[in-house]
Amino acid sequence: MKELAESANMFRMSKRRIAILPGDGIGPEIMDAVLKILDSAGFEANYVALEAGQTALDKGLPAMPPATIETIREIGIALKSPTTTPIGKGHTSANVALRQALDLFANVRPAITLPGVVGYFDKSRIDIIIVRENTEDLYAGVEYQPHPDVALATKIITRLSCRRLCKYAFEMMVRQDRKRITAVHKANIMKLTDGMFLEEFYRMAKEYPQIKADDIIVDNCCMQLVIKPETFDVLVTENLYGDIVSDLCAGLVGGLGLAPGANIGESCAVFEAVHGSAPDIAGKGIANPTALLFSALMMLCHIGETELADRISRAVMRVLADGKIVTGDLGGTASTTEYTDAVIRELQNS
Ligand code: NAI
Ligand code: MG
């Protein structure tokens, strides 16, 4: 009996640990939905729930508490819901703090046309991955006010960050057999900072002659993305442009409710949706959990559970293609729970 208990205990201990950050606004609702789906698919893990955002602030802690950062560092993998950041005042971004502290230098954001999702651009098949620098640029948070009527922000770009970001993007392309990479920049105006980014991009491109490398100025890129999104493959860009362009790309394929992301570092990875805490719909039970679910599927692929990720993905595709049980952002009337249960039914029928 004792041996049995010990081996059961060992089995429990050997389960993979994953840090979970339920976050703010719609965060806890979509996290519950995603964990329920992973559970129904037979995925087993020891989830370690961590404080961040408003829940941490309410307890007198920083928005991204050091204990949360250290636990993610130790576990190496986290699934994170969005956290709220006040506009123009209040605490600094928990996300920026996390990405900088764990040096999660690459933010990978796919935008892919999904079956049954009717967008403005449903005539073209979109399959874009944005690889966004995640730790510096204007988001480094170096702002100051030398005079009450003057405020300054410093744009920080380092050669090392440009180099490792481009390296990550090209290596990802080799793994996924992708053909064209476009650097998005404003080097015509930001000659030193974006100029350095572009220089390092083309330097790295020489090591991957099989991949077509080109570049585009960010404003033109936005226009081209709207009129012919199907011509783009991988976009690599700095932090601010990447933030903006990735919401644009999410809009092209059905909205933020479907857009996943991964923050990748040398030894840690944090998976989270592109969207924020959506305070306008929080607590109503109508949020679309798909973006966080797809982020969780990126996490499964990252840890080698690709078959499981594929199985869940196929179930989601069937629910979306059927179109009867989808959330309000996709034109349906289903609640988060009804949609989640529909995905689980599909999983069980497969
Ligand atoms: P948002 O992404 O939260 O919402 C924009 C619009 O999209 C809203 O109308 C919202 O209802 C809708 N939306 C977003 N996610 C949805 C989902 N899963 N299902 C259905 N509809 C969805 O952007 P917003 O309103 O600008 O930001 C709200 C807060 O989130 C801010 O405090 C911001 O700083 C924070 N934020 C946090 C992020 C993170 O933790 N990674 C990322 C982006 C914003
Ligand atoms: Mg954003």
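A residue counts as buried when its relative accessible area is under 20%. With that cut-off in mind, open this predicted model and proceed through the following selections.

Select Asp137, which lies in the loop between β5 (127–133) and β6 (143–147). Its relative accessible area is 0%, so Asp137 is buried. Inspect the backbone there: phi of Asp137 is near 70°, a positive value in a residue that is not glycine. Most residues other than glycine have a negative phi.

**A nonpolar surface patch.** Select Val142, Tyr144, Val150, Leu152 and Ile156, which together form a nonpolar patch on the surface with about 360 Å² of accessible area. Among them, Val150 belongs to strand β7 (residues 150–153) and is partly exposed, at 36% relative accessibility.

**Aromatic pairs.** The model contains 4 aromatic pairs. Display Phe105 and Tyr168: their ring centres are 6.3 Å apart and their planes stand at 85°, so the pair is edge-to-face. Phe105 is in the loop between α5 (94–101) and β4 (106–112), while Tyr168 is in helix α6 (residues 159–176), so this contact ties together parts 63 residues apart in sequence. Both partners are buried, Phe105 with a relative accessible area of 6% and Tyr168 with 17%.

Finally, select Phe170, Phe201, Tyr202 and Tyr208, which ring pairs link into a cluster.

Terms used. Residues numbered from 1 in each chain as written. Chains lettered and ligands numbered in written order. Predicted model: local features only at pLDDT ≥ 70, side-chain atom pairs only at ≥ 80, totals over all residues. Heavy atoms only, no water. Helix = DSSP H or I, 4+ residues; strand = E, 2+ residues; numbered from the N terminus. Buried < 20%, exposed > 50% of the residue type's maximum accessible area, 1.4 Å probe, protein only. Patch = residues over 30% accessible without salt bridge, like charges linked within 9 Å, V, L, I, M, F, W, Y side chains within 5 Å. Areas by Shrake-Rupley, 256 points an atom, 1.4 Å probe, with all protein chains shown as cover. Salt bridge = Lys/Arg side-chain N within 4 Å of Asp/Glu carboxyl O. Phe/Tyr/Trp six-rings, centres within 6.5 Å; stacked < 30°, edge-to-face > 60°.
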